[in-house]
Amino acid sequence: MAEASVSALQILVADDHDVMRRGLRSVLEAQPGWAVCAEAHTGTEAVEMAQKLQPNVAILDISMPEMNGLDAAKQIQQASSKTEILVLSMHYSDQLIRDVVDAGVRGYIVKSDSDRDLVIAVRALASHKPFFTPHATELMLNTVRDPRSASAEGGSSMRERLTPREREIVQLIAQGRNSKEVAGFLGISVKTAETHRGNIMRKLQVHTVSELVRYALRNKLIEA
Amino acid sequence: MQFNSDSPKVAAKPGTEPGSTQEIKTSRNSFQESRTDARKKSFRILIADDHEAVRRGLRSALLGAGWQVCGEATDGREAISKVEELKPDLVILDVSMPNLGGLGAAREILRNPNGTKVLIFTMHESRQIREETAAIGVHAMAVKSAPLSTLLATIDSLLIGTH
């Protein structure tokens, strides 16, 4: 029987779907010495919990309400330097792999990868080694070989111009929140929220909310 | 938990006197719960989803709630053949699966009904999915973003009508 130990591997699981968190917990806790120390439903919650609990590994779904997994990953790296991050997404995408690597994340799997991949990924990260599946590695190598593909959609270059706060606001607007709700949610004035919104529209060269939603979808800030 | 129909073993709550009204009530409630638990175990559920973690999550939630999981499928075609083979009481079908999605599989399963009830488990609820599931005649639909308790309540209502 596995001995309860203070040195057990502590894992934070963040996904907005109950069923996915439960599945991840069940796979992870079947490993001797591994413990899910907390579950988060949103990116914001994941950052708060990581700061408080300093887990060894944080598993972050890419599409979560309030704050997406990538922005949460960046904040967790600041808040808890010992935490290694594994990003989970629904599907493989060139754009996403570039974003994951750019964010300094060293582990990435998709939800259809097997439980075995999940366990291997967490084990590698717990030893501070990176983990990418062969398919993800191939996509990464293709991007290196053909740098033109990196800017083919134009999304990446535009996205780099947005600040993390602006990306957060894009996500909230794309989820259907108006300026007043965005302001309330982020604890800023309505005027500041509207200024941000104006800057975002100008930077992305979009004029309508539906164009903004398309941008958010293309860049995986929200799910289709 | 073992259920003995002759003498259900019920632990009295601390502070309850043996034979008191409260103990009898507690005993009756626990007895009914045990009977429901035993009934639940007699129902067989098949899970179809292409994501292993989702299947694990569903299995764990269903077993935790007292249901029996008789099998798993990773796409719509496998779901159809396992429904034929295992004749479960309920099949839970994910909408987006390779080869054949949950709606296609539901249509096929319900073409020759054999008593298996069909529950569509979807990532997003849209008017189109609602209309399509209604047209196919699926028995229930649940959204993945809702709490698992909602899915479990739907299954309770579908199989034993307790909600």
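## Strand pairing in chain B

Two strands are said to pair if DSSP finds at least two bridges between them. In this predicted model, strand β3 (residues 90–94) of chain B and strand β4 (residues 117–122) of chain B meet that condition, being joined in the parallel sense over 5 bridges.

## Overall arrangement of chain B

Chain B contains 6 helices and 5 strands. Along the sequence they follow the pattern α-β-α-β-α-β-α-β-α-β-α.

Of the 163 residues of chain B, 29% count as buried. Among the contacts in chain B between residues at least 6 apart in sequence, 56% join residues at least 24 apart.

## The sheet of chain A

Chain A also has an open sheet with parallel pairing; this sheet has 6 strands in the order β2-β1-β3-β4-β5-β6. Its edge strands are β2 (34–40) and β6 (131–132) of chain A, and each of them pairs on one side only.

Within this sheet, strand β1 (residues 9–14) of chain A pairs in the parallel sense with strand β3 (residues 57–61) of chain A over 4 bridges. The bridge partner of Ile11(A) in β3(A) is Val57(A). Helix α2 (residues 43–53) of chain A lies across β1, β2 and β3 of chain A and runs at about 165° to β1(A).

## Nonpolar cores

The largest nonpolar core has 77 residues, of which Ala46(A), Ile59(A) and Val87(A) touch the most other members. Leaving aside residues up to four places away in sequence, Ile59(A) touches Ile11(A), Leu12(A), Val13(A), Ala14(A), Leu24(A), Leu86(A) and Leu88(A). A second, separate core consists of 11 residues, including Ile169(A), Val170(A), Val182(A) and Ala216(A).

## Where the two chains touch

The contact between the chains takes 14 residues from chain B and 14 residues from chain A. Which element supplies the largest share of the side of chain B that touches chain A? That share, 8 residues, comes from helix α2 (residues 52–64) of chain B. Sorted by class, the side of chain B that touches chain A has 6 nonpolar, 4 polar and 4 charged residues.

## Confidence in the model

The model as a whole scores ipTM 0.72 and pTM 0.69. Chain B has an average pLDDT of 83, and 79% of the residues score at least 70.

Over residues 1–16 of chain B, pLDDT stays under 50, and for this stretch the model has 17 contacts beyond four places in sequence. Where pLDDT is low, the predicted coordinates should not be read in detail.

Conventions
Residues are numbered from 1 along each chain as its sequence is written. Chains are lettered from A and ligands numbered from 1 in the order in which they are written. This is a predicted model: local features need pLDDT of at least 70, side-chain atom pairs count only at pLDDT 80 or more; totals for chains, interfaces and linings use all residues. Helices (H or I, at least four residues) and strands (E, at least two) are DSSP runs, numbered from the N terminus. pLDDT is the predictor's confidence in each residue, from 0 to 100. Two residues are in contact if their C-beta atoms, placed from the backbone, lie within 7 Å. A nonpolar core is a set of buried Ala, Val, Leu, Ile, Met, Phe, Trp, Tyr and Cys residues joined through C-beta atoms within 7 Å. A residue is buried if 20 or more other C-beta atoms lie within 10 Å of its own, exposed if 12 or fewer, and partly exposed in between; C-beta atoms are placed from the backbone. Ala, Val, Leu, Ile, Met, Phe, Trp, Tyr, Cys and Pro count as nonpolar, Asp, Glu, Lys and Arg as charged, and the others, Gly among them, as polar. Axes are lines fitted to C-alpha atoms, for helices over the stretch in contact, and angles run from 0 to 180 degrees between N-to-C directions.
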